[in-house]
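Here are my notes for you, as numbered points. Keep the sequence and the 3D view open while you read, and find each residue as it comes up.

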Amino acid sequence: MLTRAYQHSLRGSHLPAGQPLLEVDAISLRFGGVKALRDISFTVTEGHIHAVIGPNGAGKSSLLNCISGLYHPQEGQIRLHSAALGADGTPGETRTHTLTSLPPYKIARLGVARSFQNIELFHGLTVLENLMLGRHIHMKHSVLKSMLWLGPARRQEIAHRHLVEEVIDLLQLQAFRGKPVGSLAYGIQKRVELGRALCLQPALLLLDEPMAGMNAEEKEDMARYILDVHELASVSVVLIEHDMNVVMDISDRVSVLDFGALIADGTPDEVKADPGVIEAYLGAEEEDAEVREAVVKMEDQIEEEHAADRAAAEGTEGGNG
Ligand SMILES: Nc1ncnc2c1ncn2[C@@H]1O[C@H](COP(=O)(O)OP(=O)(O)OP(=O)(O)O)[C@@H](O)[C@H]1O
C-alpha cells in the first residue's frame, strides 16, 4: 500500500500509452548447432505487462539476453521507440533505436533495465547501497565520491536518495533498508533486485523469472509488487516466467515460446485456449511426471540397498559378539 504521494516519476518513457515500445522483428539465435530462437517476432506496447512464457529450454532467457544486449542474434532486429518530452510536458518527437548491435551498457542508457534469474546484487552492501548503485547511470559524480560525501557529489546524493526512498516505500522495503542484502530472505532479495532495476527510471523493465524458487504466498506477493510498479509507476514490463498460471492474472499480453519458436501471441484468454500452448505445457508436465517417477524408483532402490547393507552389518556384528 502507498504511504505517501510520490514526487518522482519512476517511468523513463514518454511515449503515449498504447504505442509500440519494443519491436522484436524476425530474430534468430544459434549456439553452434542449437537453435535457441527461430524467427521470433512480437511487439511490446507502451503501458503493458507483456509476459514471455514457455517450458524449460524454450529460449526465454536467450530472448531477454538479446533485448538487453548480452547476446546478438544472427538474424533479425530489435527496435526500441522513445519520445522526447516537449516543453509543455507532452510527448514530443519520437525516435527509433536499433538495439541488436548495441552493447548492454548503451541499451541500459536507453532505459532498458533488467533483473536476473539468479540474484545479482552486492550481498555485503545494504539494501540502500544496492539501490543507490541502481542510480549510477544517472549520476555525474561517482558513487564512491557520493558515499564519501564530497562537495557537489553530496547534493547529487541527496537528490538521488529521494528517488531511492520512494522506491523503498513502493516496494515496502523500509524494514530492510540498512541490512546487508546477503542477510535477507530470498523473496526479499528478489524484491530488492526489482527495486534496483526500478531505480534506473526505466523505459522498459525486463524481469527474468522474478518468482523463481518462491512458494505460492511469496509468488502472490511478488505479483502484487509487479502490478504496483505497473499501475502506480506506469512502467512497461516484459516478464519472463516458467509457470503459466502465475502470469495470466497480471499480464496484458502473453507470447509463448517452445523449442525456440513463437507458438502463440495474444491476450491471456486467447493464449490459455490455444491448442498448441496446451499441448506444449501438457507435454512438459508429462515429461516432468516421468522424471519424478524415475527419481522415486531410484530412491526406493537405494533405500532397499542401504537396508540390506545395514542388515548384513548387524548380522556380522552379532556373529562377532
Ligand atoms: N550461452 C549458451 N551457449 C550454448 N547454448 C545456450 C546458451 N544459452 C542458452 N543456450 C541453449 O539455448 C536453448 C534455450 O535456452 P534458454 O536458457 O534461453 O531457455 P529458457 O526458456 O530460458 O529455459 P529455463 O526456463 O530453463 O530458464 C537451450 O537449448 C540452451 O541450452
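1. By class, the shell around the ligand has four nonpolar, seven polar and one charged residues. The classes work like this: Ala, Val, Leu, Ile, Met, Phe, Trp, Tyr, Cys and Pro count as nonpolar, Asp, Glu, Lys and Arg as charged, and the others, Gly among them, as polar. The members of the shell are Phe31, Val34, Ala36, Gly54, Asn56, Gly57, Ala58, Gly59, Lys60, Ser61, Ser62 and His242. H1 gives the most, with three residues.

2. Before going on, note what you're looking at. This is a predicted model, where local features need pLDDT of at least 70 and side-chain atom pairs count only at pLDDT 80 or more, while totals for chains, interfaces and linings use all residues. Residues are numbered from 1 along each chain as its sequence is written.

3. Now the overall picture. The chain has 10 helices and 10 strands; helices (H or I, at least four residues) and strands (E, at least two) are DSSP runs, numbered from the N terminus. Buried residues make up 35% of the 321 residues. A residue is buried if 20 or more other C-beta atoms lie within 10 Å of its own, exposed if 12 or fewer, and partly exposed in between, with C-beta atoms placed from the backbone. Of the contacts with a separation of 6 or more, 69% are between residues 24 or more positions apart. Two residues are in contact if their C-beta atoms, placed from the backbone, lie within 7 Å.

4. Back to H1, which covers residues 60-68. How many of its nine residues are buried? Eight of them are, so the helix is mostly covered. The buried ones are Lys60, Ser62, Leu63, Leu64, Asn65, Cys66, Ile67 and Ser68. Asn65 counts as buried because it has 21 C-beta neighbours inside 10 Å. Setting aside neighbours within four places in sequence, Asn65 is in contact with Leu70 and Tyr71. Just after H1, Gly69 takes a positive phi of about 90 degrees.

5. Ala26 has a positive phi of about 55 degrees although it is not a glycine. Ala26 sits in strand E1 (residues 20-31) and counts as exposed, because it has 12 C-beta neighbours inside 10 Å. Asp39, in strand E2, has a positive phi near 50 degrees. Asp39 is partly exposed, with 14 other C-beta atoms within 10 Å.

6. Have a look at the inside next. The largest nonpolar core has 73 residues, and Val167, Leu205, Leu206, Val237 and Leu239 touch the most other members. A nonpolar core here means a set of buried Ala, Val, Leu, Ile, Met, Phe, Trp, Tyr and Cys residues joined through C-beta atoms within 7 Å. Apart from neighbours within four places in sequence, Leu205 is in contact with Ala113, Ala197, Leu198, Val235 and Val237.

7. Strand E6 (residues 112-115) is covered on both faces: Val112 and Arg114 on one side and Ala113 and Ser115 on the other are all buried. Four bridges join E6 to strand E7 (residues 204-208), and the two run parallel. Strands pair if DSSP finds at least two bridges between them. Ser115 has Leu207 as its bridge partner in E7.

8. Leaving out neighbours within four places in sequence, Arg191 is in contact with Leu171, Leu173 and Tyr225. Arg191 and Tyr225 are 34 residues apart along the chain, with their C-alpha atoms separated by 8.2 Å.

9. Last, the domains. The assignment gives domain 1 (20-273) and domain 2 (274-321); such bounds come from an automatic or database domain assignment. The contact takes nine residues from domain 1 and six residues from domain 2. On the domain 1 side, strand E9 (253-258), strand E10 (261-266) and helix H9 (268-272) give two or more residues. That side divides into seven nonpolar, no polar and two charged. E9 and E10 run antiparallel, joined by five bridges. They form a hairpin with two residues between them, and Phe259 in the turn has a positive phi of about 50 degrees.

Note on methods:
A residue is near a molecule or strand if its C-beta atom, placed from the backbone, lies within 6 Å of it.
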